[in-house]
Amino acid sequence: MVEHHDRVSSTQDVAKLKARDGAPEGTVVVAEIQESGRGRLARHWLSPSGGLWFSIVLRPGLSIERVQGIVLLSAVSLARAIRGRTGLDAGIKWPNDILIGWKKAAGLLLETQIQDGRPVFVILGAGVNVNNDTAMFPPDLLVPPTSLKEETGRDIDMESLLNAFLTDFAASYNLLKTDFDRILEDWRHLSVTLDMQVKVTQMDKVIAGRAVDIDDTGALLVRLPNGNVFTVHAGDLTIEHIS
Ligand code: BTN
């Protein structure tokens, strides 16, 4: 079921309330405008009219360690949907960004409700700059923004982009349990992070080196100058190309 709203605080919050009320897996909440859209690390996510802002209720029955795999899977589905609907060369920047030409066109957010040590439901949020103007975005963003319209020079149909994503995601969702290696393979293929010189900023340290792979929890493996491989579970990543 896809539920459309004109204006909400955040589709994450609407979807979360629905999930608490028992909404089934696959319930989708879309809004034209979000007044308090949020991104990773509780950052503000600008959500004016013209973008695609939506959240999905998921009940994957996975352990906490495995749930992060949903971000990998959804990044693959979103990159493929954008490529399919626009012809643009969309790629994945770890952990949750979709880039076009080193600019950020979309971001993903996974919020997990945990009870007795297990995820009871997960809300997957996606924000895609489709036809909105990113010139009014703040100049100090970690990665400069772009929109699909700015990259193609034409209006993109948001409904068909959403449908392309949902179709791809639904077809791949079972792979989380049956063939996770396939998700990792697809992710590697669409990644613009691997083989790049990267810097990951965490609260208390900076890790710099070459991104060599991801593991099956979605962590990024970074080879340090001394040859050791460091497993990075979270942080802000800059790629030498775009920093
Ligand atoms: C990020 O890049 O930090 C993730 C951005 C996720 C934004 C989407 S828009 C729909 C959903 N509702 C929100 O408040 N956030 C996500």
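Which atom of the ligand lies 2.7 Å from a backbone N or O atom of R40? The points below answer this and then turn to other parts of the model, which is predicted.

1. The ligand atom in question is an oxygen, with a backbone N or O atom of R40 at 2.7 Å. Once the ligand is in place, the protein covers 97% of the 420 Å² of accessible area that the ligand has on its own.

2. **Two further polar contacts of the ligand.** R38 also takes part through its backbone: one of its backbone N or O atoms is 2.7 Å from a nitrogen atom of the ligand.

3. **The surroundings of the ligand.** Around the ligand there are 20 residues, and the closest are S10, Q34, R38, R40 and K104. By type, the shell divides into 11 polar residues, five nonpolar and four charged. The largest pocket is the space that the ligand takes.

4. **Elements that build the shell.** At least two shell residues are supplied by each of α1 (11-20), β3 (52-58), β6 (103-115) and β7 (118-128). Strand β6 gives the largest share, with four residues. S10, which is among the residues closest to the ligand, has its place in the loop between β1 (2-8) and α1. Is S10 buried or exposed? Its relative accessible area is 1%, and because buried means under 20%, S10 counts as buried. The side chain of S10 also reaches the backbone nitrogen of Q12, at 3.0 Å.

5. **T193 and its contact with W94.** T193 is in the loop between α7 (180-190) and β8 (197-201). With a relative accessible area of 0%, T193 is buried. A polar atom of the T193 side chain lies 2.9 Å from the backbone nitrogen of W94.

6. What is the form of the peptide bond from W94 to P95? This bond is cis, with omega near 0°. P95 is found in the loop between β4 (91-93) and β5 (97-100). As a background to this point and the next, most peptide bonds are trans, and most residues other than glycine have a negative phi.

7. Phi of D116 is near 50°, a positive value in a residue other than glycine. D116 lies in the loop between β6 and β7, two strands that each supply at least two residues of the shell around the ligand. At 80% relative accessibility, D116 counts as exposed. D195 likewise has a positive phi, near 70°, and is a residue other than glycine. Its place is in the loop between α7 and β8, where T193 is also found. D195 has a relative accessible area of 53% and is exposed, whereas T193 is buried.

8. **L17 in helix α1.** L17 is found in helix α1. Its relative accessibility is 53%, and because exposed means over 50%, L17 counts as exposed. From L17 to G153 there are 136 residues along the chain, and their C-alpha atoms are separated by 38 Å.

9. **L124 in strand β7.** L124 belongs to strand β7. Is L124 buried or exposed? At 1% relative accessibility, L124 counts as buried. L124 and H233 are 109 residues apart in sequence, with 18 Å between them in space, C-alpha to C-alpha.

10. **N228, between β10 and β11.** N228 is in the loop between β10 (220-223) and β11 (229-232). With 47% relative accessibility, N228 counts as partly exposed. The separation of N228 and G22 is 206 residues in sequence and 46 Å in space, C-alpha to C-alpha.

How values were computed. Residues numbered from 1 in each chain as written. Heavy atoms only, no water. Near = heavy atom within 4 Å. Polar contact = N/O pair within 3.5 Å; in protein donor to acceptor, adjacent residues only side chain to side chain. Areas by Shrake-Rupley, 256 points an atom, 1.4 Å probe, with all protein chains shown as cover. 1 Å grid on protein atoms, 1.4 Å probe; cavity = no way out; pocket = protein on both sides within 12 Å on 5 of 7 lines; lining within 4 Å. Sits in = over half its atoms within 2 Å of the grid points. Nonpolar A, V, L, I, M, F, W, Y, C, P; charged D, E, K, R; others polar. Buried < 20%, exposed > 50% of the residue type's maximum accessible area, 1.4 Å probe, protein only.
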